[in-house]
Amino acid sequence: MEDIKVGMADLAATIAPQNLVTIGLGSCVGICLYDKATKVGGLAHIMLPDSTQGRTMQNKAKYADTAIEVLLEEMTKLGAQKRRITAKIAGGAQMFNFSGNNNSMKIGERNVIAVKEELKRQGISLLAEDTGENFGRTIKFDTSDGSLGIKTGNRGEKTI
Amino acid sequence: MNFENINDLHKDVLREIGNIGAGNAATSLSAILNKKVNMDVPEISVLPFNKVVDIMGGADNYVAGCFLEISGEAPMSLLFVIPKESINLFITVLLGLPPMEDNQELDEMSISALKEITNILAGSYLTALNGFTQIVFDTSVPAFAYDMAGAILGNALYLLGNVSDSALVIKSLFKEEDKEVDSHLFLLPEPGTLEAIFEKLGVSV
């Protein structure tokens with residue numbers, strides 16, 4: 001079965017054996033939610049930490065806080081139960097290294113913090129993460145067992 | 001103003017500014033590199049974020065990206081991108097430097113050359129824009145990354161992400177004699193910036 005590709009500021013939920021992929025996470029964060037019992041998985045590719053800072057709210061998948069909420073709804077529709085859902089996250093890198101201390105460029109770090117806060121608020125436990133640093137990541141979320149494969153350009157591959 | 005509301009007149013104005021900017025850039029590059037460099041008439045388009053990455057060859061395509069922020073009355077950011085296939089052509093033909101081996105990291109010399117080119121491009125466009133509008137622009141030092149297009153773009157788009165789901169793209173093509181080097185210049189205006197520019201030009205928004 002073909003993988004679902006989740007683009008930037010997008011999200012999708014599905015059920016095994018279909019897997020979820022997102023390509024080229026930089027400062028964006030890939031949030032992978034999983035219900036082991038029903039093998040329902042969800043992936044959100046968020047760009048920004050906080051929807052209340054935004055002036056466009058049409059796309060809820062863009063922000064850490066709103067994306068998790070929508071993703072939980074989508075997964076529930078497929079039979080997942082919130083109390084069983086766990087999370088793994090990847091991304092949140094700082095791609096550009098400015099010589100000055102440019103706070104606005106630390107968006108990756110801010111994204112990761114916002115995702116963790118929202119997961120905590122929703123009572124979802126974070127099982128594993130591969131975040132930060134300064135390189136891009138492509139991730140594949142395997143809905144058969146909830147494992148998350150991470151590929152990079154020249155920083156190797158891993159599964160969390 | 002939303003980029004979705006940009007009409008043909010606005011595009012003509014941006015293209016004309018782009019033309020003069022590209023002309024300035026080609027002149028500066030020719031002088032610095034001591035060879036004849038031409039640039040095509042830029043293409044102006046407004047694209048949703050997901051489509052922007054497609055014209056860079058897809059989210060997993062490796063690209064060299066230089067990013068700088070422009071502050072002042074009309075804040076925006078600028079991203080100059082060269083797809084992997086064109087990097088060697090760019091380095092060897094335009095800069096006269098040795099080619100990058102496959103998958104190797106770019107060396108310091110090429111990186112600082114690319115940053116300098118980005119400075120020149122930014123300067124050329126902003127000089128053109130200043131000539132039309134008298135708006136003064138302050139630019140940051142460019143930052144460099146060589147990685148997946150999606151990763152680079154996601155980072156560069158975050159300011160715009162809060163206010164828009166699409167970006168204004170000025171696509172530029174360098175030419176040296178018969179060799180074409182594909183590159184993309186993204187001007188990413190912040191909210192209010194286009195209004196400020198069009199207002200100075202007497203173009204209604």
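User: Where in chain A does A:Ala9 lie?

Analyst: In this predicted model, A:Ala9 lies in the loop that runs between strand S1 (4–5) and strand S2 of chain A.

User: And what's the phi of A:Ala9?

Analyst: The phi of A:Ala9 is positive, at about 60 degrees, although the residue is not a glycine.

User: Is A:Ala9 buried or exposed?

Analyst: The relative accessible area of A:Ala9 is 8%, and because buried is taken as under 20%, the residue counts as buried.

User: Buried or exposed, for A:Glu133?

Analyst: With a relative accessibility of 54%, A:Glu133 counts as exposed, because the cut-off for that class is over 50%.

User: Which peptide bond in chain A is cis?

Analyst: The peptide bond from A:Ala16 to A:Pro17 is cis, and its omega is near 10 degrees. A:Pro17 belongs to the loop that links strand S2 (10–15) with S3 of chain A.

User: OK, zooming out. How many helices and strands are there in chain A?

Analyst: Chain A has 2 helices and 10 strands, and read along the sequence they follow the pattern β-β-β-β-β-α-β-α-β-β-β-β.

User: And how compact is chain A?

Analyst: Its radius of gyration is 15 Å, which is close to the 15 Å that the globule rule gives for 160 residues, so chain A is as compact as a globular protein of that length. Along its principal axes, the C-alpha trace of chain A spans about 50 × 35 × 25 Å.

User: What share of chain A is buried?

Analyst: Buried residues account for 56% of the 160 residues in chain A. As for how the chain contacts itself, if one takes the contacts between residues at least 6 apart in sequence, 62% of them join residues at least 24 apart.

User: Now the interface. How many residues does the contact take from chain A and from chain B?

Analyst: The contact takes 38 residues from chain A and 33 residues from chain B. Between them the two chains bury about 2,600 Å², with 59% of that area on carbon and sulfur atoms.

User: Which elements give two or more residues to the side of chain A that touches chain B?

Analyst: They are strand S3 (20–25) and strand S8 (137–142) of chain A, and S3(A) gives the most, with 3 residues. The residues on that side of chain A divide into 14 nonpolar, 19 polar and 5 charged.

User: Last one, over in chain B. Where is B:Thr127 found?

Analyst: B:Thr127 is found in helix H4 (residues 108–133) of chain B, where its side chain reaches the backbone oxygen of B:Gly123 at 2.6 Å.

User: And what separates the C-alpha atoms of B:Thr127 and B:Gly21?

Analyst: Those C-alpha atoms are separated by 7.3 Å, although B:Thr127 and B:Gly21 are 106 residues apart along the chain.

Notes
Residues numbered from 1 in each chain as written. Chains lettered and ligands numbered in written order. Predicted model: local features only at pLDDT ≥ 70, side-chain atom pairs only at ≥ 80, totals over all residues. Heavy atoms only, no water. Contact = heavy atoms within 4.5 Å. Buried area = accessible area lost by both parts, 1.4 Å probe. Helix = DSSP H or I, 4+ residues; strand = E, 2+ residues; numbered from the N terminus. Nonpolar A, V, L, I, M, F, W, Y, C, P; charged D, E, K, R; others polar. Rg over C-alpha atoms; globule rule 2.2 N^0.38 Å. Buried < 20%, exposed > 50% of the residue type's maximum accessible area, 1.4 Å probe, protein only. Polar contact = N/O pair within 3.5 Å; in protein donor to acceptor, adjacent residues only side chain to side chain.
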